[in-house]
Amino acid sequence: MAIKIIELLNSLDKIAPFGLAESWDNVGLLIGDRQRESRSVLLGLDPTLSLLEEAISRGADTLITHHPCIFRPLPFVHTNSPDGAFLELALAEKINVIACHTNFDSAALGVSDALAMLLGLKELAPLRRISPVEDKNQGLGRIGSYASPLSFEEFMRQVFTALDLKNVMLAGKLPEVVQTVALCGGSGSDLTEEAFSQGADVYLSAEIKHSTARWAEEVGFCVIDGSHYATERPALALLEKQLEAQVSASGRELQILQSESEKPVFTTFNKNDF
């Protein structure tokens, strides 16, 4: 039996409660009908026209993205713009669009947990807890540790494997060994000082501000910018696994797909490429 959108939203709310979203965010069903049935969903990070076209080509009637397709109030919809074209096509094809953004960032098994588990970290705890909440595992970022210290070289091999990258940016003093690691999938520059104060040997996140990198340099703390896309992408597999469990427990049927077309937005070039 197919699942209704309202039931799908209830399942997502159990995984990443929508009430955890930041006050400035926009999450939940952004396009669609709560009473419509869904038989296939596509998971992706960014609500782009190409992702929407992939959903249509693969027969998905619902798109679940991390970043919301409608972030701020729209004064107008120009269909010759990327945002307008996205809305026009979603409405024309009756594609439901759901966002799980900062609620999934702060969920007990959310964006940062996915990255931490890929790195092999244990004893995870939020870097910044949400107060008051019943679940002590809810909050932004994560801090965890290895049972035995890794050399910095060993740790970086773990990072490159987890992020599926060849290059990252680093600032500050590189530690000889790494045992305690703080991280935040996506934009986490504002958590850097908390990572340092909680005793992390290194902090991995994305969109690290220049001033934050300078601060890390001054205090001798290592920060790694692994890019927004790469630090969040592992969360899709975790969401898929949790959603499959929720749908199975409900007795409904739903095909859950991960995007095959979505790729990092930035490309690395060096002078030898020209």
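**Exercise 1. Find which residues line the largest pocket and lie nearest its centre.**

Solution. The largest pocket has a lining of 28 residues, and those nearest its centre are Ser227, Tyr229, Pro264, Val265 and Phe266. A pocket, on a 1 Å grid over the protein atoms alone, is an open set of points with protein on both sides within 12 Å along at least five of seven lines, and a lining residue has an atom within 4 Å of a point. This is a predicted model, in which local features need pLDDT of at least 70 and side-chain atom pairs count only at pLDDT 80 or more, while totals for chains, interfaces and linings use all residues. Residues are numbered from 1 along each chain as its sequence is written, and side-chain values use heavy atoms, with hydrogens and water left out.

The next step is to ask which elements take part: α2 (49-57) and α9 (228-232) are the ones that give two or more residues to the lining of the largest pocket. Of the elements, α9 gives the most, with three residues. Helices (H or I, at least four residues) and strands (E, at least two) are DSSP runs, numbered from the N terminus.

The volume of the largest pocket is about 790 Å³, where a volume is the space filled by probe spheres set on the grid points, which are joined across faces, edges and corners. Sorted by class, the lining of this largest pocket has ten nonpolar, ten polar and eight charged residues. Here Ala, Val, Leu, Ile, Met, Phe, Trp, Tyr, Cys and Pro count as nonpolar, Asp, Glu, Lys and Arg as charged, and the others, Gly among them, as polar.

**Exercise 2. Describe the lining of the second largest pocket by residue, element and class.**

Solution. Start from the 20 residues that line the second largest pocket, of which Trp24, Asp105, Leu140, Ser187 and Gly188 lie nearest its centre. The space in this second largest pocket comes to about 420 Å³. At least two lining residues come from each of α4 (102-106), β10 (177-187) and α9, and β10 has the largest share, with four residues. By class, the lining of the second largest pocket divides into four nonpolar, nine polar and seven charged residues.

**Exercise 3. Work out which residues line the largest cavity.**

Solution. A cavity is a set of grid points where a 1.4 Å probe fits but cannot get out, and the structure holds one cavity of 30 Å³ or more. About 50 Å³ of space lies in the largest cavity. Its lining consists of Gly44, Leu45, Ile64, Thr65, His66, Cys100, Phe104, Ala235, Leu236 and Leu239. The lining of the largest cavity has seven nonpolar, three polar and no charged residues.

**Exercise 4. Locate the largest nonpolar core and the residues with the most contacts inside it.**

Solution. A nonpolar core is a set of buried Ala, Val, Leu, Ile, Met, Phe, Trp, Tyr and Cys residues joined through side-chain atoms within 4.5 Å, and buried means under 20% relative accessible area, exposed over 50% and partly exposed in between (1.4 Å probe, protein chains only). The largest such core has 28 residues, and Leu8, Leu12, Val41, Ile64, Phe104 and Leu243 have the most contacts inside it. At least two of its residues come from each of α1, β4 (40-44), α5 (111-118) and α10, with α10 giving the largest share, six residues.

Another core, of 21 residues, lies apart from it and includes Ala116, Tyr146, Leu183 and Leu204. As for α5, six of its eight residues are buried, namely Val111, Ser112, Asp113, Ala114, Leu115 and Ala116.

**Exercise 5. Explain why the pair of Trp24 and Phe71 ties together parts that are 47 residues apart in sequence.**

Solution. A search of the whole structure finds five aromatic pairs, in which rings of Phe, Tyr and Trp (its six-membered ring) have centres within 6.5 Å, with planes under 30 degrees apart counted as stacked, over 60 as edge-to-face and the rest as tilted. Trp24 and Phe71 form an edge-to-face pair, at 5.9 Å centre to centre and with 80 degrees between the planes. Trp24 lies in the loop between α1 (5-15) and β2 (28-31), and Phe71 in the loop between β5 (62-65) and α3 (82-92), so their pair links parts that are 47 residues apart in sequence. Trp24 is partly exposed at 47% relative accessibility, and Phe71 is partly exposed at 31%.
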